[in-house]
Amino acid sequence: MRDMSYQAVMSRRNDIMKASVGLDYDLYESGSMAFDYESLMTASSHTLDEVMSIQSGFGVGNTPLIELKHITDLARACSKPGKGARIFVKDEACNPSGSFKARRAALSVAMAKKLGYKGVVTATSGNYGAAVASCAAKAGLRCVVLQECFDSKGVGQPEIIEKARKCEAFGAEVMQLSVGPELFYVFLKILEETSWFNASLYTPYAILGIETLGAEIAKQFREKEGRDPDMVIATNAGGGNLTGTARGLKKLGCKVPVIASSVNLQGLHMASDSQFNQKSFTTGHTGFGIPFTSWPDRSDVPRSAARPLRYMDDYYILSQGEVFFITEALAQLEGMERGPAGNTSLAAAFSLSQDMDRDRCIIVQETEYTGAGKHHNAQLSFAASRGIDIRFGNPREEVPGRDIILPQTPENIKAQPQNMNRLRSSLIRNALKQHPGRPSQEDIRFLCQETNADETFVRQAIKEEQ
Amino acid sequence: MPKNGDWVRIHSIILKPNERAPQVPKDTALVPLEMRVKGELLQDAQIGDTVRVRTAAGREITGKLQEGGLDYTHSFGDFIPQLHQIAPMLRRKLQEDHNA
């Protein structure tokens with residue numbers, strides 16, 4: 001009988017992965033730090049039009065681009081004369097499963113079907129589970145969604161419980177686990193037992209699926225305004241959203257800066273049982289955003305297709321209170337009730353708009369559905385029940401897990417810029433840790449691409465590490 | 001007493017505290033990794049019995065039959081007074097700007 005212990009299953013991870021994604025990652029490896037990212041991304045030979053056509057078959061994509069005139073007015077009311085860029089939002093909540101994740105899922109599920117898999121498995125506590133379940137239902141495939149959901153007292157995060165309900169509504173099996181990184185071990189066991197497809201968030205299919213989001217932004221904005229936007233802001237967690245959007249924009253020749261934004265959860269350990277339910281955001285936060293930006297290959301595939309630092313022009317952090325506040329503003333001023341995590345980029349846009357001229361335009365590239373459990377009222381209520389203090393004040397004083405500080409006035413919403421060179425150095429440090437020894441010329445070129453930095457910067461960073 | 005064919009939830013311990021991954025934080029290392037899943041009960045049983053269920057994905061899984069827990073009880077939460085102060089604040093701000 002096969003050894004199913006933690007150590008034994010983890011040691012078989014590469015073989016399990018290879019069998020479950022229909023991709024041989026070894027073909028793209030150089031043997032050292034570098035790998036051929038672009039060849040991996042084009043392995044499935046899908047054109048942008050083909051991806052759009054597949055998504056259209058699932059009813060995914062073609063979401064509206066809406067100008068938020070009152071949010072813009074509010075930003076102008078908070079800024080110096082002549083400032084306050086126009087803010088637009090891509091209303092991705094209109095996808096069948098309620099988020100942009102439907103784009104990633106559509107292509108993954110289509111590939112699973114094409115390659116002859118009987119079912120799909122995905123490990124996610126987020127909107128992606130519902131997206132995979134929705135597409136699997138339409139494709140006639142079985143679906144298992146594995147969630148990290150509850151703490152050792154059996155208390156589930158309300159947002160994750162709602163996502164479980166949605167997955168179940170689409171006919172998926174939802175396996176819920178308590179807190180811990182060994183979820184990956186259970187995930188591998190299910191893949192091995194079922195021989196089903198790994199609908200990972202990080203395969204090339206999942207990222208190709210988001211390229212259509214970037215392409216639609218370029219196309220729709222050009223139709224509306226006859227030019228390209230001045231800034232696109234993406235909420236950043238695992239990096240796929242930003243990577244795919246930026247690649248899609250590039251494919252349409254749209255040279256707009258792409259900005260990342262995350263909710264600050266600094267100080268809360270993501271694998272801590274006692275801190276699990278002290279956070280009010282389950283995605284779009286720094287607990288994923290920072291580690292995945294500075295080392296993308298920590299995912300459930302050998303090489304992640306989500307490599308955000310290649311495409312990120314700047315990175316801003318918002319507090320939980322700031323994002324809840326802007327979520328309420330979106331409902332009250334624009335009549336759009338949407339899930340809080342997706343509005344992280346809206347909070348960033350509201351702040352950055354105030355430093356830009358009025359004729360400039362910012363695109364917030366997603367929204368997500370809201371509902372019981374994942375509404376900002378539900379999250380604030382859950383936080384209060386956990387002893388977290390909710391009050392008005394200065395958002396900069398918010399300590400995640402201790403309090404949620406709603407801005408005293410809208411002017412208090414101030415996106416905090418991150419040091420990009422520190423993130424770049426951190427990626428290089430992680431690469432050197434994984435691949436000790438002297439990097440080759442090819443590795444240096446790879447690190448320049450990975451960090452979107454020049455050779456002088458990369459060589460200096462390597463020198464500082466050695 | 002749950003009957004064969006009822007839709008139920010089961011629970012099991014996947015890793016005992018001493019079997020947990022080396023990198024987990026101290027508080028997590030003290031507790032087991034637990035699992036719960038719903039499915040169709042494949043036998044008559046009592047709460048706490050070890051049973052088999054067939055899940056929505058058609059997989060058969062073994063675990064301890066858990067009491068109830070199949071209702072969706074998550075909600076929009078209790079009244080949060082602070083949330084109701086935001087809209088008037090925003091309208092005031094827009095009005096001031098309009099009057100300026």
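Reply: Strand 5 of chain A pairs in the antiparallel sense with strand 2 (residues 33-41) of chain B, over two bridges. Strands here are DSSP E runs of at least two residues, helices are H or I runs of at least four, and both are numbered from the N terminus; two strands pair if DSSP finds at least two bridges between them. Within that pairing, A:Gln176 has B:Arg36 as its bridge partner.

This is a predicted model, in which local features need pLDDT of at least 70 and side-chain atom pairs count only at pLDDT 80 or more, while totals for chains, interfaces and linings use all residues. Residues are numbered from 1 along each chain as its sequence is written, and chains are lettered from A and ligands numbered from 1 in the order in which they are written.

The contact takes 49 residues from chain A and 36 residues from chain B, where two residues are in contact if their C-beta atoms, placed from the backbone, lie within 7 Å. On the chain A side, elements that each supply at least two residues include helix 5 (69-78), strand 4 (142-150), helix 8 (158-169) and strand 5 (173-178). By class, that side has 25 nonpolar, 14 polar and 10 charged residues. Nonpolar covers Ala, Val, Leu, Ile, Met, Phe, Trp, Tyr, Cys and Pro; charged covers Asp, Glu, Lys and Arg; the others, Gly among them, are polar.

Leaving aside residues up to four places away in sequence, A:Ala172 touches B:Ala56 and B:Ala57, and in chain A its contacts include A:Ala133, A:Cys143, A:Val145 and A:Cys167. A:Ala172 is also listed with A:Val109, A:Val120 and A:Val132 as having the most contacts inside the largest nonpolar core, which has 160 residues. Such a core is a set of buried Ala, Val, Leu, Ile, Met, Phe, Trp, Tyr and Cys residues joined through C-beta atoms within 7 Å, buried meaning that 20 or more other C-beta atoms lie within 10 Å of a residue's own.

Helix 10 (residues 204-225) of chain A gives the most to this core, with 10 residues. Helix 4 (residues 48-57) of chain A packs against helix 10 of chain A at an angle of about 100°, with the axes 9 Å apart; axes are lines fitted to C-alpha atoms over the stretch in contact, and angles run from 0 to 180 degrees between N-to-C directions. The two helices are therefore roughly perpendicular, a label for 65 to 115 degrees.

Notes
A residue is buried if 20 or more other C-beta atoms lie within 10 Å of its own, exposed if 12 or fewer, and partly exposed in between; C-beta atoms are placed from the backbone. Angles under 35 degrees count as roughly parallel, over 145 as roughly antiparallel, 65 to 115 as roughly perpendicular and the rest as oblique.
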